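Biologist: Could we go through this model together? I would like to begin with the charged side chains.

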Amino acid sequence: MSYEELAQATLEYALTIFALLALVAGLAVVWRAAEAGLFTALIEDSASHAIDGTGVVDTALY
């Protein structure tokens with residue numbers, strides 16, 4: 001093997017490892033957001049019945 005082929009293989013392995021680490025880091029961010037209740041809070045805030053617990057507007061929107 002020539003040095004150019006070895007260098008290309010090293011670069012390909014480095015890019016692959018970098019992509020896998022980015023994937024793991026992205027999944028960790030999503031995991032932390034779910035663990036902290038961010039998604040639940042977003043769902044609760046966007047629910048129509050969270051506007052006014054007792055009223056005509058709440059009933060009409062629900």
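Biologist: How many salt bridges does the structure hold?
Modeller: This predicted structure holds one salt bridge, the term being a side-chain nitrogen of Lys or Arg within 4 Å of a carboxyl oxygen of Asp or Glu.

Biologist: Which side chains meet in the salt bridge?
Modeller: Those of Glu 35 and Arg 32, at 3.4 Å from N to O. Side chains of opposite charge can pair when their charged atoms come close.

Biologist: Where do Glu 35 and Arg 32 lie?
Modeller: Both belong to helix 1, three residues apart, which is about one turn of the helix. Helices (H or I, at least four residues) and strands (E, at least two) are DSSP runs, numbered from the N terminus.

Biologist: Is Glu 35 buried or exposed?
Modeller: Glu 35 counts as exposed because its relative accessibility is 54%. Arg 32 is exposed as well, with a relative accessible area of 57%. Buried means under 20% relative accessible area, exposed over 50%, and partly exposed in between (1.4 Å probe, protein chains only).

Biologist: Moving on, which residues form the nonpolar patch on the surface?
Modeller: Val 30, Leu 38, Phe 39 and Leu 42, with about 360 Å² of accessible area together. Patches take residues with over 30% relative accessible area and no salt bridge, joining like charges within 9 Å and nonpolar side chains (Val, Leu, Ile, Met, Phe, Trp, Tyr) within 5 Å. Accessible areas come from the Shrake-Rupley method with a 1.4 Å probe; for residues, only the protein chains shown count as cover.

Biologist: Which helix gives the largest share of the patch?
Modeller: Helix 2 (residues 38-46), with three residues. Val 30, in contrast, is found in helix 1 (residues 3-35), and counts as partly exposed because its relative accessibility is 45%.

Biologist: And what is the overall pattern of the chain?
Modeller: The pattern along the sequence is α-α-α, with three helices and zero strands. Of the 62 residues, 5% are buried.

Biologist: Which element has the lowest mean pLDDT?
Modeller: Helix 3 (residues 56-61), at 66, whereas helix 1 has the highest, 92. The chain averages 82, where pLDDT is the predictor's confidence in each residue, from 0 to 100.

Key. Residues numbered from 1 in each chain as written. Predicted model: local features only at pLDDT ≥ 70, side-chain atom pairs only at ≥ 80, totals over all residues. Heavy atoms only, no water.
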